[in-house]
Amino acid sequence: MNTKSFYRKIAYITAVAILLLPLAYLSQPVTGTGKEKQKGKLAELRQEYNLSQAQLGEIDPGSESMKLALFGLHGVAAHFLWEKAHDYKKTKNWDKLEATVKQIVRLQPNFKSVWDFQAHNLSYNVSVEFDNYEHRYVWVKKGIEFLIEGSHYNRDEPIMFWNLGWYTGQKIGNADEKLEFRQLYRDDKPFHDLFRQNGIDVDKAPGADGKPDNWFTARLWYVEGQTAADESGRPIRGKSPLIFHNQPAMSLINGSNAMEKETYEGEVEARKWELAQKNWSSAADEYADYGNRMIPTSWGHPVRLGDYDSILARIQQTEEQLDKLAPGAREKLRDQKLANLPAAERAVFEKKPEDRTAQEQLMFLQFEENVKVNPYEIADQAPPADRPKARQLADQIFEDKTLAQRTNSYRGIINFEYWTQRCAAEQTDTAIEARKHLLAGEEAKKKTDLSTAKKEYEISFKLWKEVFDKYPLIMDNAETQDLVDSISRYNDVLGQLDEDFPTNFILNPLLRVGGEEGQRLLSIQRQVSKEEQPNENPKEDEPKAEEPAKTEEPAKEGEPKEEPKPEADEAKPSEEPKPAPGDQPTEEPQPSADQPAEEPKPATETVDAPPAK
């Protein structure tokens, strides 16, 4: 027997035994509460960095046993299971998919993508495989419940709570069967209790009937996500902060919209309008808070969406200070640049905007940069003693214009100005009354009470005209399509009453921006107007007396020039009525605040760059 080898083994065993004592102390989980609370150093680090479960009651024996049994190869096993899960998803083998993902969860409980993956499958992919809407609702709930379980393992992960808000709001409130889903949610007391157990007080999110509303509950989840992001300092992974922080206000907006379109009985109907008006006011406050929040950007510096107007005011003030240091320089420089333009371009610039043709307007926009005066050019015209100060002002103008451009870019992505004005408009008594009468008109039409429907529609349209006159921005948006559809149903009512659609309809400006349906209604108007004009053509069987040729007189201003009439033996081509220039729809796409948007990329700057020093 080799004595040295034997003693070496004894030494190794003794060293291992001795090292087990500090290792056991360091690996001790959190036990006890208050002053009796004990925990090892590793548990403290796990809790601080949210790496895994630190509390003894949180540790899943099955999960830990699987990790130990794999001898550190649980990452390889998880990769293999992910491949199987993707295969089961492609073949729509939902039972095996669910079992596989549960195994992945045991191996990677702190990997949030596992929870997102399975929750989406349950709520979106599996639920649509069932015909009965009650069965679909059950699977939507399973996805939400799965995410709630995942939030226990990822307590400070903001996107987990954001996803819970998205599923609770969008999947229940925007599905094809949203009316049934919303009612099922309102009556689902066990589901409400699950939310309460996880820190969401659904009693603070009531609908018109006093029961929890899914949209207002979603807002509570979004706020929970905001709190996690603000307090933990963890980054918002997988979602632009611009969209992440926009959703609490949008949940109030979506909930108010949905509630106003639903009908209730008795006192609940009256309470609905009061609650909707209150929530529109709360949404306006949410948007104000949102506008004051610092939003990180892809340019490396944050912006406040609500600062745009103040930045423009600051630019104007700084430009006035610069002009005082170099009086008349701005006008002189612009006149010089105009004089250097080719004659054709200069003629376009000298025309009034209303006198320019469409082609000339395009030319004006294209060559406007050629006559734009750079603030640094103005600074160079200042007296030598004031020139350093003028350069500082030019630097400030350049920086503020860059900030304004980038702030406005982010505002446009979520349509910030529209939703701010929409919240202000919808909380007014005029808008509430307009919606009341519109809903009354829709209900009367369903009951074939045509005279009442016509009356209620027309009262509503008159009130909407007042709202649009005060808040014109809210008219040109996809959200107004519902109102255009109501106008179409109003036209159906008029048809059943044997009346024509009015040619001077009070909401014609809305129809011009109301998409295909708006253009169809305008074409009906033009057809009615054409039929109402008297037929001035002489009868074919009456002989025409020859008249001496007349010299053509110029048409008076404001009167259309008379077109020459075709000869009697020439076939008259059929002429389709052409829309008036003002009837053409605007085709600028509007971004949807409800849908997640890509993180904006830095655009090519058009702000005047400072000259090289």
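Let's start with Phe 461 and what surrounds it: leaving aside neighbours within four places in sequence, Phe 461 is in contact with Leu 438, Leu 483, Ser 486, Ile 487, Tyr 490, Phe 505, Ile 506 and Leu 507. Contact here means heavy atoms within 4.5 Å.

A quick word on the model. It is a predicted one, where local features need pLDDT of at least 70 and side-chain atom pairs count only at pLDDT 80 or more, while totals for chains, interfaces and linings use all residues. Residues are numbered from 1 along each chain as its sequence is written, and side-chain values use heavy atoms, with hydrogens and water left out.

Back to Phe 461. Phe 461 is among the residues with the most contacts inside the largest nonpolar core, together with Ile 144, Phe 195, Ile 487 and Leu 507. That core has 108 residues. By nonpolar core I mean a set of buried Ala, Val, Leu, Ile, Met, Phe, Trp, Tyr and Cys residues joined through side-chain atoms within 4.5 Å. Buried is under 20% relative accessible area, exposed is over 50%, and partly exposed lies in between, with a 1.4 Å probe and protein chains only. There is also a second, separate core of 14 residues, which includes Ala 329, Ala 379, Ala 382 and Ala 390. In soluble globular proteins, nonpolar side chains tend to be buried together.

Now please find helix α23, residues 450–470. Helices are DSSP runs of H or I with at least four residues, strands are E runs of at least two, and numbering goes from the N terminus. This helix has 21 residues and reaches 31 Å from its first C-alpha to its last, close to the 30 Å expected; the expected span is 1.5 Å times one less than the number of residues. The buried residues of α23 include Phe 461, Tyr 457, Trp 464 and Phe 468, and also Glu 456 and Ser 460. What do the buried residues of α23 pack against? They pack against α21 (416–426), α22 (429–446), α24 (481–496) and α25 (508–512).

Let's stay with α24 for a moment, and turn to charges. Asp 482 forms a salt bridge with Lys 261, with the closest N and O atoms 2.7 Å apart. This pair links distant parts of the chain, Asp 482 in helix α24 and Lys 261 in helix α13 (residues 247–261), 221 residues apart. A salt bridge is a side-chain nitrogen of Lys or Arg within 4 Å of a carboxyl oxygen of Asp or Glu. Why does Asp 482 count as partly exposed? Because its relative accessible area is 39%. Lys 261 is partly exposed too, at 49%.

Another pair is Lys 351 and Glu 360, whose side chains meet at 2.8 Å, N to O. Lys 351 is partly exposed at 34%, whereas Glu 360 counts as buried at 16%. Arg 182, Arg 186, Asp 209, Asp 213 and Glu 262 are linked in a network of salt bridges. How many salt bridges does the structure hold? The structure holds 31.

Finally, the whole chain. It comes to 26 helices and 0 strands. Of its 613 residues, 40% count as buried. Among contacts with a separation of 6 or more, residues 24 or more positions apart account for 68%.
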